[in-house]
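Subject: Structure for you to look at

Hello,

Here is the structure I said I would pass on. Please open it first, then read the notes below it.

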Amino acid sequence: MKRPRIKRRGGIGRLAEQLVWLSSGLAESGCRVEDRYWEERLTGAIDSVLGNDDEDTLNGALDRLFGSESPGYDELADHIESRAESAAGIATDHDILLIAAPILAWSRFSIPATSLSASTLANLRVHLQAHVLASNTQLAIADFLFSPDQLPQGYCATAGFAGLAGRAAISGQDLHIDTAGMPETSQFLSDTRYLLAAVAVRKGEALFRWQEQDGSREQALTQWRSQGGACLAPLMPGCVLEFVLPEAYFSASRAADKASRPYSIRASVAFLGAALDAPAPKLLAVIAPFRDDEIEEYRIGFTMHGREDVLHGVVWPLLGAEDETIDVPAEIEAVLRECGVGEVRYLDHRFPLEYCEDCGAPMYPSPEGEIMHAEMPEEQTEHVPRHLH
C-alpha cells in the first residue's frame with residue numbers, strides 16, 4: 001500500500017536517522033554478504049521501533065528518503081512492512097505471517113462488515129489450508145470481515161495485530177475481534193472487505209501452497225474463488241463479489257487496491273444499467289486528471305447522451321510508482337470499452353482535487369469540461385449509498 005508521501009519540514013530524530021543510514025547502505029550494497037550485514041542491523045532497528053509503538057520515527061525516516069528520492073526508500077518500506085506483518089519477536093521457533101484475503105464487492109444496498117460464526121470460520125479454515133496454505137501450517141482466522149476503515153492503522157498497529165493473531169495461530173485458536181468502539185464503515189457503491197488471518201509454521205518451512213512443487217498461485221486462486229467464495233457469499237447478500245488471492249497482508253492489500261479500480265468501473269456500468277435502464281452503449285464517460293502538486297488520480301464522470309450533468313463518478317487513484325508518464329487514460333478507456341460504454345472522452349486539462357463542501361464527495365468531470373457533484377435522479381436514489389466511487 002505504498003503511496004506518494006507528504007513531504008514534511010524539519011529534522012528527524014536519531015532513530016529515524018539510523019534507519020535512513022541503514023536502508024541507504026542496503027540499497028547501495030553490491031553483494032549478498034554485504035546485504036546480510038545491513039539487513040540484520042536494519043531489521044533489528046525496525047523491530048525496536050515497532051516494539052516501542054513509535055510510528056513517527058518510521059514515517060520520519062520514510063519521508064526523508066522519499067524526499068531525497070533515495071533508493072533506500074523502497075528498501076526501508078519493504079523491511080518495515082515485512083517486520084510488521086511477520087510479528088517479529090513473537091516466537092523463536094516459528095515463522096509467523098499476517099495474511100489478508102480481500103473481497104471486492106458492489107451493491108445497491110449496504111455492503112456488510114460483519115462478524116463470522118464458528119461454523120463459517122471452520123469452513124474457511126478447511127479451504128484456506130487445503131487450497132492456499134502449505135501443509136503443516138497452523139492458522140488463526142479473525143472472526144470479522146473488516147472494511148478499510150476498520151483495518152489496523154499504521155505499521156505499529158499492524159505489528160500489534162499480527163502478534164495477537166500469531167499467538168492465536170500457535171495455540172490453535174481463532175482470533176476474536178471485539179467490535180465495541182470499532183470505526184463506522186463508510187458506505188460506497190463498490191468497496192473492499194478483508195478476511196484477516198495469521199499463519200504459523202516451523203522456522204524455514206513453506207507458508208503457501210504455491211511454495212510446494214505441485215502447487216501454483218493460479219490454482220490456489222481458482223480454488224479459493226470457488227470454495228472460499230461459497231463460504232463468504234452468504235454473508236454478503238445482495239452483493240456482486242470478486243475474490244483476490246489471499247497472501248501476505250501488505251501485498252494482498254496492494255493487489256486489492258489495484259484490482260478495485262477496474263472493478264469499480266465495471267460495477268458502475270452495471271449499476272447504471274440497472275438503476276437507470278441505461279445499457280452501456282447509451283452511457284458517456286468523461287476521464288480527467290486531478291492533481292495537487294502532481295497528478296494524484298483520474299476521475300471518471302458518467303452520464304448519458306444528451307445530458308450535461310454527471311450522474312455517477314469513479315476515482316482511479318495512482319498507486320505506488322505510477323505517475324503521469326504512464327498512459328493511465330488508455331488503461332481506463334480499455335476497461336470502459338470492454339464494458340461496452342458507448343462514448344469515452346478524455347480531458348487533458350488538469351483539475352484541482354476538489355470535493356463537495358457539504359458531503360465530502362469528489363467532484364467529477366462533465367461532458368462540458370466542468371467539475372461537478374455526481375447526482376442520480378431523485379427517484380433512483382432511495383436505496384443507493386450516498387457516496388459513490
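This is a predicted model: local features need pLDDT of at least 70, side-chain atom pairs count only at pLDDT 80 or more; totals for chains, interfaces and linings use all residues.

I start with strand 3, which covers residues 190–202 and is mostly covered, with 12 of its 13 residues buried. Strand 3 has pairing partners. Strand 1 (residues 94–106) pairs with strand 3 in the antiparallel sense, over 13 bridges. In that pairing, alanine 101 stands opposite leucine 195 of strand 3. Strand 2 (residues 138–146) also pairs with strand 3 in the antiparallel sense, here over 6 bridges. Alanine 140 faces a residue of strand 3 as well: alanine 198 stands opposite. When you look at the side chains, keep one general point in mind: in a regular strand they alternate between the two faces of the sheet.

The mean pLDDT of the chain is 91, and 94% of the residues score at least 70.

The chain is divided into domain 1 (12–83), domain 2 (92–247) and domain 3 (277–371). Taken over C-alpha atoms, the centres of domain 1 and domain 3 are separated by 37 Å.

Now the aromatic rings. How many aromatic pairs does a search of the whole structure find? It finds 9. One to look up is tryptophan 21 with tryptophan 38: the ring centres are 5.2 Å apart and the planes stand at 80 degrees, so this pair is edge-to-face. An angle over 60 degrees is what counts as edge-to-face. The pair links distant parts of the chain, because tryptophan 21 is in helix 1 (residues 14–28) and tryptophan 38 in helix 2 (residues 32–51), 17 residues apart.

Are these two tryptophans buried or exposed? Tryptophan 21 counts as exposed, at 53% relative accessibility, whereas tryptophan 38 is buried, with a relative accessible area of 11%. The cut-offs are under 20% for buried and over 50% for exposed. Trp21 and Trp38 also form one aromatic cluster together with Tyr37.

Phenylalanine 66 has 28% relative accessibility and counts as partly exposed. Tyrosine 73, at 10%, counts as buried.

Which rings does arginine 299 lie over? Its charged end sits over the ring of phenylalanine 290, 4.4 Å from the centre. Arginine 299 also lies over the face of tyrosine 355, at 4.8 Å from the ring centre.

Last, a glycine in a loop. Glycine 172 is found between helix 6 (155–170) and strand 3. At 53% relative accessibility, glycine 172 counts as exposed. Glycine 172 and alanine 200 are 28 residues apart in sequence, and their C-alpha atoms are 9.7 Å apart in space.

Regards

Conventions: Residues are numbered from 1 along each chain as its sequence is written. Side-chain values use heavy atoms; hydrogens and water are left out. Buried means under 20% relative accessible area, exposed over 50%, partly exposed in between (1.4 Å probe, protein chains only). Helices (H or I, at least four residues) and strands (E, at least two) are DSSP runs, numbered from the N terminus. Two strands pair if DSSP finds at least two bridges between them. pLDDT is the predictor's confidence in each residue, from 0 to 100. Domain bounds come from an automatic or database domain assignment. Rings of Phe, Tyr and Trp (its six-membered ring) pair if their centres lie within 6.5 Å; planes under 30 degrees apart count as stacked, over 60 as edge-to-face and the rest as tilted. A charge sits over a ring if NZ of Lys or CZ of Arg is within 6 Å of the ring centre and within 35 degrees of the ring normal.
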